[in-house]
Number of protein chains: 2
Amino acid sequence: MNFESEESYQNWAKQQSDLPQGFSVGTTHFAFRPRERAQEAQMRLTLISLTKPTSSFAAMFTQNRFPGAPVLVGRKRLEEESLQAIVVNNKISNVGVASGVSDSEAVCSAVAEHLGCLPSQVLPSSTGIIGWQLPVSEIQENIHSLVKNLQSESVFPAAAGIMTTDLYPKVRSKAVRSGRIVGIAKGAGMIEPNLATMLVYLLTDIAIARQDLRRELALAVQESFNCISVDSDQSTSDTVAAISSNEISGIDIAAFRSGLTEVCRSLAQDVVRNGEGVHHVFEVRIQGAPDFEFGRQLGKTVLRSPLLKTALCGNDPNVGRILMALGNYRDSASREIDFSKVVIRLGGTVIFEKGSFSLSADKEKLLSTYLKEAELYASFPPKEPGSVFHPPGRFPAHQRNVVLEVALSLGSEDVSVWGGDLTHEYISENADYRS
Amino acid sequence: MNFESEESYQNWAKQQSDLPQGFSVGTTHFAFRPRERAQEAQMRLTLISLTKPTSSFAAMFTQNRFPGAPVLVGRKRLEEESLQAIVVNNKISNVGVASGVSDSEAVCSAVAEHLGCLPSQVLPSSTGIIGWQLPVSEIQENIHSLVKNLQSESVFPAAAGIMTTDLYPKVRSKAVRSGRIVGIAKGAGMIEPNLATMLVYLLTDIAIARQDLRRELALAVQESFNCISVDSDQSTSDTVAAISSNEISGIDIAAFRSGLTEVCRSLAQDVVRNGEGVHHVFEVRIQGAPDFEFGRQLGKTVLRSPLLKTALCGNDPNVGRILMALGNYRDSASREIDFSKVVIRLGGTVIFEKGSFSLSADKEKLLSTYLKEAELYASFPPKEPGSVFHPPGRFPAHQRNVVLEVALSLGSEDVSVWGGDLTHEYISENADYRS
């Protein structure tokens, strides 16, 4: 898909956005004064609500050792009998604050009161600045208007509502028999799942038992969100949640698994593509790994290399840096790569085999062109003297990836991982934005 | 030390540069045509030579699984009885080339012939582009003039000769009783020792047995070069070599150890300070770690965080990102940090304790000023439309670090690690320079 404008991208996203049966979403926003800074700020609330509580819900959270309060609350919610709503606020992540858990619970109580359910049936999520306290009273005052804004047609307002530094809303969906799976995601900087500040909500009307949904979510996450890296920082607040209204019975588990995996893999790539300062989406396909985890960790080692990421930014098919990055991988079981057997292809063209580089001036030109065609945008020299770089548009120009294949001949496991390059826009975004 | 100009820095460096007894150094340079690219290139050769062969030599090499040919040759040299010379070329790192080892050996043979020693008494090093072949004949043709340029007063020409993307030559020395330890280092991008493309040569006239020198080098490297990170990429070519001419007898081992460690720790910080696009040298002091390796890995986890590195670049005392980075540490023995006991200080000011942030508007202002005063330079908006950023000068403005202390109360081991921030100059350097 190519997109010419923000409007054409949004139209495409809205076409993915029909809600499954039994769901409604709404958002609202308000101004408030944080305790921690003099300036006024804006906060947006997003609500996903079900017509009735469901026991079919699943969630997976960050492995960062300093998790946010909503993650602590979320882990408790997993043990509850049922869920009826998810409430998300942006701007403040509610991490590292002494009153964090009770503040989250207070927000859930306000939502529960307006929806007529129990606070324990509300899952809270927060995303934004670490160390600041949630403005609980202000949030509570705005729940009324949040609930008033609920509608059951489109998930798109929620996809837009949960954004922080995202360039554009991210929605993917799949029809599975007579049901639907719809997913929304936010995430830009601070992205490296195991998981990362990414918030992902997967909604379906396909009836599925709780234990089955939890298993399916884990499988889909393993091959999608756990296989991406933008700036290799694990966030404090990652959440991937899945919830079914159980309206459509007669599940075909294989079709469900395939549909959920497809939605998750597409959303995961969207998160990378939308990453702070990403000019190229880099897909590393490890082929012939001894097992999945080896392939995943090796792929991520390549994806994380700042020297490789900057070469990609410069449309430079820098084979040396690829080899250097592969050479950095340390397997936990000390299995070694035999470089004499490794074959590396970039865009399908062999660049390394039989232990040495396979290069020529013509090949370099071909590969530079390949990289340039996969570029989402090039850096715009900043006009103002502050040297601040901004992405040129709030939509993806296309959905093409740069594909690097690394064939190891160490086994039969194939694993794909996705990441982005390292650019001036990333520096500008993160040396200035307070988060 | 503050430096106002390239000249004042070079004068200071030259004052460190007196060679120990029994050594001479020289450099030469020439133009050549690489096979891999049409344009002509420049190569510089550097030679460190001893008056007579010595058995007291030590070397430590990269742990990258795709090491350069000189590293393979160097590992063999460690088993030889004696060494008499070190020959270094820049421009081409001799990595990933089928004829690499025999090309290195051919260079050693040419040097040996001119010096009247054995090829096995010559240690080769190469630094530069990965994947290109050494221009062996051209190098051999220039050994004559290299040897002619040998002088026994100053190591400074060698410190300058081994540079590639370095901003300035790096020399540190220490008088120990009537002997000297002098060290030179190169390294800018692709820096993360265990070790990193860094070449370090430590020369001394203090008589020391080979086994003792090898032990002392390992200890000094552990607390210096193994504790730095610039862009978290392990190079293919790291080398730290130490060699004694054994001219001055009566070693005081404790004084030697202290002197060598001091030279290594200073050089290691110089390497960071000179790192590609480094605006701040960031020193993380982990206090009260259960053991050295825990402290080192935790410190490095903090140093590697791109979000923290960009905050530092922006003079932003971003406590949230510090906590997020600490939360990312995964101990191999699964020991956990108790955040309720952690105390964090930035520039001596407490910013986190008792499980929460300790912030105020005044404190933030104080800390921003502290960061600004430790800044080596700020980004210059580029004049030309290509958005290329360059450091403004080829000398360090000062030698101040940003100091972050993290007190864990998990043991009694204190470990310091050093790294740099992430800036526009790093992007420009690496999206353009072919290495």
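In what order do the seven strands of the open sheet of chain B run? In this predicted model, local features need pLDDT of at least 70 and side-chain atom pairs count only at pLDDT 80 or more, whereas totals for chains, interfaces and linings use all residues. Residues are numbered from 1 along each chain as its sequence is written, chains are lettered from A and ligands numbered from 1 in the order in which they are written, and side-chain values use heavy atoms, with hydrogens and water left out.

The order is β9-β16-β11-β15-β12-β13-β14, with mixed pairing, where strands (E, at least two residues) and helices (H or I, at least four) are DSSP runs numbered from the N terminus and two strands pair if DSSP finds at least two bridges between them. The edge strands of chain B, each pairing on one side only, are β9 (228–229) and β14 (356–357). Strand β9(B) runs parallel to β16 (residues 413–420) of chain B, to which two bridges join it, and B:S229 is placed opposite B:G419 of β16(B).

In chain A, helix α3 (residues 100–115) packs against helix α4 (residues 136–148) at an angle of about 25°, the axes being 9 Å apart; axes are lines fitted to C-alpha atoms, for helices over the stretch in contact, and angles run from 0 to 180 degrees between N-to-C directions. Helices α3(A) and α4(A) are therefore roughly parallel, a term for angles under 35 degrees. Their contact (heavy atoms within 4.5 Å) involves residues including A:D103 and A:V107 of α3(A) and A:I139 and A:H144 of α4(A).

Methods. Parallel < 35°, antiparallel > 145°, perpendicular 65-115°, else oblique.
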